[in-house]
Amino acid sequence: MKTIRSALVMLVIGTALSGCSTSKEEMLPPGDSTMLGLWQGEDGGGSARNAVAARDSLRRPLTESESQASVADDRSYSRTQESEIGLQFPRLPNPDLVMYVFPHLADGNTPVPGYSTVFPFYSQVQYAMPGERTEAY
């Protein structure tokens, strides 16, 4: 069992080291083009023009259902009466700690009656991002 484990370890190490043996020039051979030339589409192979032609051949008008879905998507980002701030950015749960203060004397001689007070666990109110889950997992 120990020999199998050591053989597997050596195989993993050998595979990892062989991946590092490739040089940058072999993986990405340098060309004669400059960045400005590539930006302007002067790469010599005409691939920029081929890419534009391929993109144009794939373009088609939207179908009726796609255009209606697009309008519905646009409305979902707009603020309407249906999507007020409370629905877009709900408050994250902030449990309260209710503490009872027993009757006591303040400054040694002033009686203070017992009372309850509430402390939120988090000092600031946190809001969820749109689409973020706010219910318990």
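Tutor: We can begin with the contacts: in this predicted model, residues 24 or more positions apart account for 48% of the contacts in the protein chain with a separation of 6 or more.

Student: What is the pattern of helices and strands along the sequence of the protein chain?

Tutor: The protein chain has 6 helices and 4 strands, and, read along the sequence, these follow the pattern α-α-α-α-α-α-β-β-β-β.

Student: How do you know where confidence is lowest and where it is highest in the protein chain?

Tutor: The mean pLDDT of the protein chain is 76, with 75% of its residues reaching 70 or more; against that background, confidence is lowest in helix 6 (residues 85-88), at a mean of 63, and highest in strand 3, at 92. Where pLDDT is low, the predicted coordinates should not be read in detail.

Student: Why is Asp107 called exposed?

Tutor: The cut-off for exposed is over 50% relative accessible area, and Asp107 has 79%, so the label applies. Asp107 lies in the loop between strand 2 (104-106) and strand 3 (110-112).

Student: What makes Tyr100 and Phe102 an aromatic pair, and why is the pair called edge-to-face?

Tutor: By the rule applied here, the count comes to 1 aromatic pair. In that pair, Tyr100 and Phe102 are 5.1 Å apart, centre to centre, with 90° between the planes; because centres must lie within 6.5 Å to pair, and planes over 60 degrees apart count as edge-to-face, both parts of the description hold for Tyr100 and Phe102.

Student: Are Tyr100 and Phe102 buried, partly exposed or exposed?

Tutor: Tyr100, at 43% relative accessibility, falls between the limits of 20% and 50% and therefore counts as partly exposed, whereas Phe102, at 62%, is over 50% and so counts as exposed.

Student: Which residues make the nonpolar surface patch?

Tutor: The patch, of about 510 Å², is made by Leu97, Met99, Phe119, Phe121 and Tyr122, and one of these, Tyr122, is found in the segment after strand 4 (115-120).

Student: How much of the protein chain is buried, and what is its accessible surface?

Tutor: Buried residues, those under 20% relative accessible area, make up 4% of the 137 residues, while the accessible surface comes to about 12,600 Å², of which 61% belongs to carbon and sulfur atoms.

Key
Residues numbered from 1 in each chain as written. Predicted model: local features only at pLDDT ≥ 70, side-chain atom pairs only at ≥ 80, totals over all residues. Heavy atoms only, no water. Patch = residues over 30% accessible without salt bridge, like charges linked within 9 Å, V, L, I, M, F, W, Y side chains within 5 Å. Areas by Shrake-Rupley, 256 points an atom, 1.4 Å probe, with all protein chains shown as cover. Salt bridge = Lys/Arg side-chain N within 4 Å of Asp/Glu carboxyl O. Helix = DSSP H or I, 4+ residues; strand = E, 2+ residues; numbered from the N terminus. Buried < 20%, exposed > 50% of the residue type's maximum accessible area, 1.4 Å probe, protein only. Contact = heavy atoms within 4.5 Å. pLDDT = per-residue confidence, 0-100. Phe/Tyr/Trp six-rings, centres within 6.5 Å; stacked < 30°, edge-to-face > 60°.
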